[in-house]
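Subject: Structure handover

Hello,

Here is the structure I said I would pass on. My notes on what was found in it come after the display.

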Amino acid sequence: MTHDRPAFVLSDAAMREFHRLVERYPTKESALMPAMWLIQDQEGHIPPEAVDWLVEQLGVSHSRVWELMSFYTMFRSEPQPEHVLQVCHNISCHIVGARSILDHLQHRLGIGVGERTPDGKFALEGVECLAACGMGPALQLGKHFYEHLTPEKVDRILESLRNGNIPRADTDRELAE
Ligand code: FES
């Protein structure tokens with residue numbers, strides 16, 4: 001398929017990692033999700049030209065890539081704020097205080113759920129189950145997961161991010177298939 005789009009280019013370091021991933025899996029398609037992470041780590045989202053690139057490199061269909069992007073809330077097709085804070089508001093987290101965590105974040109960031117800060121640094125989202133039900137309230141920041149949240153812990157996370165550091169996570173997930 002021909003598209004009138006600029007070609008996508010991975011950095012040399014990311015390209016080396018991409019080749020390492022492809023060799024690690026029994027089929028090229030199995031490297032799709034980790035390759036999507038590589039692209040998102042570089043670009044902040046997965047632009048259409050990168051979808052074309054994945055199709056070409058891994059022999060997958062466009063619909064397969066879009067399917068994963070629409071199913072997994074951490075993958076983004078549009079440019080995003082620097083930090084997208086996704087707080088689980090599903091039942092188990094709700095019971096242990098997710099609502100008060102969301103309220104606290106809204107207060108600290110000065111935005112509502114589903115909004116972005118004017119400086120483009122933060123977005124706040126309420127999301128469905130993050131598969132950390134016994135460790136709620138839970139928050140996802142890209143591949144990083146923060147569990148048993150309290151207002152104090154949220155403040156430490158925000159302070160680190162504002163200082164340009166990703167706070168130490170309780171869990172980092174590769175999220176490979
Ligand atoms: S209900 Fe929050 S992680 Fe499952």
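A search of the whole structure finds 0 disulfides. For background, a disulfide is a covalent bond between the sulfur atoms of two cysteines. Cys88, by contrast, is a buried residue of strand 1. Please keep in mind that this is a predicted model.

Overall layout

The protein is divided into domain 1, residues 12-71, and domain 2, residues 83-172. Their C-alpha centres lie 27 Å apart.

Domain 1

The part to look at here is helix 3, residues 48-58, in which Ala50, Val51, Asp52, Trp53, Leu54, Val55 and Leu58 are buried. Just after helix 3 comes Gly59, with a positive phi of about 70°.

Strand 1 is mostly covered, with 6 of its 6 residues buried. His83, Leu85 and Val87 point one way from the strand, while Val84, Gln86 and Cys88 point the other way.

Strand 1 has partners in strand 2 and strand 3. With strand 2 it runs parallel, joined by 6 bridges, and Cys88 stands opposite Val127 of strand 2. With strand 3, residues 139-141, strand 1 (residues 83-88) runs antiparallel, and 2 bridges join the two. In strand 3, Gln140 is the bridge partner of Gln86.

Gln140 has its place in strand 3. Is Gln140 buried or exposed? It counts as buried because its relative accessibility is 3%, and the cut-off for buried is under 20%. The side chain of Gln140 reaches the backbone oxygen of Gly142 at 3.0 Å. Leaving out residues up to four places away in sequence, Gln140 touches Met74, Val84, Leu85, Gln86, Leu130 and Phe145.

Leu158 sits in helix 7, residues 151-162. At 2% relative accessibility, Leu158 is buried as well. Which residues does Leu158 touch, not counting those up to four places away in sequence? They are Leu85, Leu105, Arg108, Leu109 and Phe122. Leu158 and Ile111 are 47 residues apart in sequence, and their C-alpha atoms are 14 Å apart in space.

Thr117 is in the loop between helix 6 and strand 2. With a relative accessible area of 8%, Thr117 is buried. The side chains of Thr117 and Asp119 are joined by a polar contact of 2.6 Å. Setting aside neighbours within four places in sequence, Thr117 is in contact with Leu109, Ile111 and Phe122.

Backbone details in the loops

The loop between strand 2 and strand 3 holds both Ala131 and Pro137. A cis peptide bond joins Gly136 and Pro137, with omega about -5°. Ala131 has a phi near 60°, a positive value in a residue other than glycine. Ala131 counts as exposed because its relative accessibility is 56%, and the cut-off for exposed is over 50%.

His148 also has a positive phi without being a glycine, in this case near 45°. It is found in the loop between strand 4 (144-146) and helix 7. His148 is partly exposed, with a relative accessible area of 47%.

That is the end of my notes.

Regards

Terms used
Residues numbered from 1 in each chain as written. Predicted model: local features only at pLDDT ≥ 70, side-chain atom pairs only at ≥ 80, totals over all residues. Heavy atoms only, no water. Domains from an automatic or database assignment. Buried < 20%, exposed > 50% of the residue type's maximum accessible area, 1.4 Å probe, protein only. Helix = DSSP H or I, 4+ residues; strand = E, 2+ residues; numbered from the N terminus. Pairing = 2+ DSSP bridges. Disulfide = S-S within 2.5 Å. Polar contact = N/O pair within 3.5 Å; in protein donor to acceptor, adjacent residues only side chain to side chain. Contact = heavy atoms within 4.5 Å.
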